[in-house]
Amino acid sequence: MARTVNKKLAEFISERFNEIMTETGLDLEIFAAYSKIGYSTFRTYHSRTVPISVETLHRICEPFDIVLSDFFKANTSLIISEKIKNKANTFAAQYILEKKKIIKEDDIIFHKKPVGSGNKWERDMIKYITLHTDYFHTERSIADMVHDFTKDFDFPLESGRIYELLRKYVGPTLKKEPSMRLNNDKTTSNRTVFLYSKI
C-alpha cells in the first residue's frame, strides 16, 4: 500500500535540505551524490512528492554530521562545521571533474558496436545503444533492457547498473515516464514502472 505524504512534514524536510545546500554550497545533484542517494529519488524527496523514511533521512544527514534530533528542531538553524563544508566542497569539485570527463568521452561517435569490458565499455555501449541505434524508438522498461541487452547486444547488465548509466541521458536524449504495471490477472499493480524512450 502506497504511503501518503504529510505535507507539512515534507515541506519542513525539504526546507532543511535547502538549508544544508545553502550552508555547503552544494546543488541538488551533488547533494544527492554526496549523501549516496540516487538523484531522481532524492528529487522526489526534495519536491515533497514521496515520503522519506527515517533510515533514509539519517543516511542523508550522516555525512554532514547532523543528528536527527537537531534536524527536527524547528526554528533552530543547523550547524555544519567548516571541516564538513570543506569535505563536501572537495567532493563537489571531484564530482564536477568526473562529470566533465564523462561528457568529453561522449564526444566520441561510434560507427560500429564498441568492444571490450569494464566500466568504460559499459558506458560506451549505453551511449551506442542510446544514440546510434533505434532501440529507444519504442518505449522500454529496465526489465526489457536487462533481457534485450543480453539477447540483442551481447551486453549483460543488472537493472541497477542500467539505471545508473541511463540517468545522464534522461532529459537531453531520453524521456522517462511512469506507467502502471499489470499483474498476471490483468489487474493494475500498485507498483509504478518507468518507461524510457527517445525524445
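**Close-up 1. Ser 197 in strand β3.** Ser 197 belongs to strand β3, residues 188–198. Strands (E, at least two residues) and helices (H or I, at least four) are DSSP runs, numbered from the N terminus. This is a predicted model: local features need pLDDT of at least 70, side-chain atom pairs count only at pLDDT 80 or more, and totals for chains, interfaces and linings use all residues. Residues are numbered from 1 along each chain as its sequence is written, and side-chain values use heavy atoms, with hydrogens and water left out. Ser 197 counts as buried because its relative accessibility is 5%. Buried means under 20% relative accessible area, exposed over 50%, and partly exposed in between (1.4 Å probe, protein chains only). Leaving aside neighbours within four places in sequence, Ser 197 is in contact with Phe 136, Thr 138, Glu 139, Thr 173, Leu 174 and Lys 175. Contact means heavy atoms within 4.5 Å.

Close-up 2. Helix α8 spans residues 142–153, and its buried residues are Ile 142, Met 145, Asp 148, Phe 149 and Phe 153. Seen down the axis of α8, they fall within an arc of 115 degrees, so they line one face of the helix. The arc is that of the directions from the helix axis to the C-beta atoms. An α-helix has 3.6 residues a turn, so residues three or four places apart point the same way. The face turned away from the buried side of α8 carries exposed Ala 143 and Lys 151. Asp 154 follows α8, and its phi is positive, near 50 degrees.

**Close-up 3. Aromatic pairs.** The structure holds 17 aromatic pairs. Rings of Phe, Tyr and Trp (its six-membered ring) pair if their centres lie within 6.5 Å; planes under 30 degrees apart count as stacked, over 60 as edge-to-face and the rest as tilted. Phe 17 and Phe 31 pair edge-to-face, 5.8 Å centre to centre, with 85 degrees between the planes. Phe 17 sits in helix α1 (residues 7–24) and Phe 31 in helix α2 (residues 28–34), 14 residues apart. Phe 17 is buried, at 0% relative accessible area. The rings of Tyr 135 and Phe 153 have centres 6.0 Å apart and planes at 80 degrees, so this pair is edge-to-face.

**Close-up 4. Charges over rings.** The charged end of Arg 140 sits over the ring of Tyr 135, 4.0 Å from its centre. Lys 176 lies over the face of Phe 194, at 4.8 Å from the ring centre. A charge sits over a ring if NZ of Lys or CZ of Arg is within 6 Å of the ring centre and within 35 degrees of the ring normal.
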